[in-house]
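Hello,

Here is the structure I promised to pass on to you. Please open it alongside this email, and my notes on it follow below.

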Amino acid sequence: MAEAASTAPATLGHFHAPDLPDLGGLRRCVHCGICLPQCPTYRVLGEEMDSPRGRLYLMRAVAEGRLEMTDTFVRHMDLCLGCRACETACPAGVPFGTLLEATRAQIVRDVPPRRRRWSDLLLGLFPNAQRLNAALAAARLYRRSGVQALVRVTGALRAFPRLAAMDSLIDTVAPGAELPEHIAARGERRGRAGLLTGCVQRQLYPGVNSDTAWLLSRAGWDVVIPRAQECCGALELHGGRLDGLRTRARALAATFPADVDVVVTNAAGCGSAMKEYGHWLAGDPAVERLAGRTRDVTEVLAAAELPLGRLDVTVTYHDPCHLAHGQRIRAEPRALLRRIPGLELRELADSDLCCGSAGVYNIQEPEMADRLLALKLERIQETGARIVVTGNPGCLLQIAKGARLRGLPLEVVHPVELLTRAVAAGEWASGGGP
Ligand code: SF4
Ligand code: SF4
């Protein structure tokens with residue numbers, strides 16, 4: 001182990017250790033182009049250098065010392081959503097996600113920070129519970145005081161697209177009740193489940209966390225919800241802040257008791273990052289154990305008996321990138337929805353094409369994010385469904401924002417919200433009450 005560390009290269013072309021992109025992974029690309037139609041930025045821009053193949057070509061050129069990390073190089077990396085649709089499509093098994101994350105770590109460390117003021121600001125805000133709390137309290141005041149309405153009527157933010165993007169996202173911020181630290185299983189006991197409440201989910205969609213805990217307990221799980229838990233580091237991973245990710249992963253591993261059988265997430269981005277902790281913290285047994293126990297809530301509930309009552313609704317399902325591409329979970333949420341009596345699930349064309357949310361991308365790159373959101377809403381309208389179901393807080397926010405701005409009568413919900421309604425309907429119908 002020590003010998004391997006001493007022989008590790010200090011540089012790779014214009015990249016510097018630690019966290020070098022894997023040259024073997026970069027060279028695995030055979031330039032076939034199969035990934036191109038699946039790439040959202042290539043679909044919108046039609047530019048080779050904004051395709052997976054083009055980005056890999058650029059990364060490899062830097063790794064082989066033929067190109068420096070110029071502004072143009074950084075721009076093509078910044079415009080990537082990190083959605084990993086290219087990984088799903090690639091027949092050669094190019095690990096695009098980790099290559100991008102390592103490249104972004106190089107950019108964060110070695111490129112002058114003038115282009116990163118916004119990402120530094122956003123990544124200093126979202127994963128920090130106190131700062132996010134304070135910012136959301138200010139956002140509520142901004143909305144209730146009427147200042148937001150005035151800003152929108154006057155178009156005062158037109159010249160500041162990133163501020164306008166933030167403004168457009170903060171219609172739904174409402175405080176939520178804190179969950180207890182332990183909820184007992186009902187019925188036949190299956191085991192102990194830790195619940196990750198997530199920094200964004202906890203603040204913006206607290207009902208999704210309480211519904212998740214409620215369903216898990218009805219599915220036979222003792223639910224453990226440590227109050228001391230903090231952010232999983234997914235946003236930092238996405239932004240190339242690998243030291244931040246490592247600190248958060250270690251803290252989270254120490255937070256969940258050793259005797260929980262699974263750690264459940266209901267945010268696709270968090271689950272994807274946690275399942276891949278081992279790549280960035282290889283050899284840390286506590287973190288690797290946490291990664292091995294991490295499950296998306298739909299994986300856990302798909303294996304459970306739930307007393308589902310009737311819901312006469314027509315819904316469509318949007319695949320969050322970090323569920324479909326990051327965790328390869330597509331069947332479980334659909335199977336759960338189809339188990340609800342009366343529910344009609346209409347498939348969405350391009351359901352796994354990114355909606356433009358992508359962590360804080362919709363604030364950093366509002367123009368591209370809005371173009372992708374417009375595509376998503378067109379496809380949703382084609383289904384005729386009035387309810388859109390999706391399992392990631394960023395997608396919930398982004399699609400709800402698009403529907404609201406266009407005046408579309410759409411409800412955007414997490415799968416656990418519909419399942420909770422169905423279980424409640426079943427319990428009322430059987431005379432048991434919720
Ligand atoms: S991660 Fe997404 S946006 Fe980036 S290159 Fe791959 S498919 Fe395109
Ligand atoms: S599908 Fe894979 S091998 Fe083909 S161009 Fe894309 S990344 Fe390269």
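**The sheet and its edge**

T265 stands opposite D296 in strand 7. Do keep in mind as you look around that this is a predicted model.

Strand 6, which covers residues 262-265, pairs with strand 7 in the parallel sense, and three bridges join them. Stepping back, you will see an open sheet of five strands with mixed pairing, in the order 3-5-4-6-7. Its edge strands are strand 3 (182-183) and strand 7 (294-296), each of which pairs on one side only.

Two helices lie across this part of the sheet. Helix 16, made of residues 268-275, lies across strand 6 and strand 7 and runs at about 150 degrees to strand 7. Helix 18, made of residues 285-293, also lies across strand 6 and strand 7, but its direction is at about 25 degrees to strand 7.

**Spaces inside**

Next I turned to the cavities. Rolling a probe the size of a water molecule over the atoms shows where empty space is left. How many cavities of 30 Å³ or more are there? The count comes to four.

The largest cavity has a volume of about 110 Å³. It is lined by 16 residues, and those closest to its centre are C29, C35, L56, C90 and V94. Helix 4 (52-63) and helix 6 (85-89) are the elements that give two or more residues to this lining. Which of the elements gives the most to the lining of the largest cavity? That is helix 4, with three residues. Sorted by class, the lining of the largest cavity holds 12 nonpolar residues, two polar and two charged.

The second largest cavity contains about 80 Å³ of space. Its lining has 14 residues, with C39, R55, C80, C83 and C86 the closest to the centre. Here the elements that give two or more residues are helix 3 (40-45), helix 4 and helix 6. The classes in the lining of the second largest cavity are nine nonpolar, three polar and two charged residues.

Happy browsing, and do write back with any questions.

Best wishes

Notes
Residues are numbered from 1 along each chain as its sequence is written. Chains are lettered from A and ligands numbered from 1 in the order in which they are written. This is a predicted model: local features need pLDDT of at least 70, side-chain atom pairs count only at pLDDT 80 or more; totals for chains, interfaces and linings use all residues. Side-chain values use heavy atoms; hydrogens and water are left out. Two strands pair if DSSP finds at least two bridges between them. Helices (H or I, at least four residues) and strands (E, at least two) are DSSP runs, numbered from the N terminus. Contact means heavy atoms within 4.5 Å. Axes are lines fitted to C-alpha atoms, for helices over the stretch in contact, and angles run from 0 to 180 degrees between N-to-C directions. On a 1 Å grid over the protein atoms alone, a cavity is a set of points where a 1.4 Å probe fits but cannot get out, and a pocket is an open set with protein on both sides within 12 Å along at least five of seven lines; lining residues have an atom within 4 Å of a point. Grid points are joined across faces, edges and corners, and a volume is the space filled by probe spheres set on the points. Ala, Val, Leu, Ile, Met, Phe, Trp, Tyr, Cys and Pro count as nonpolar, Asp, Glu, Lys and Arg as charged, and the others, Gly among them, as polar.
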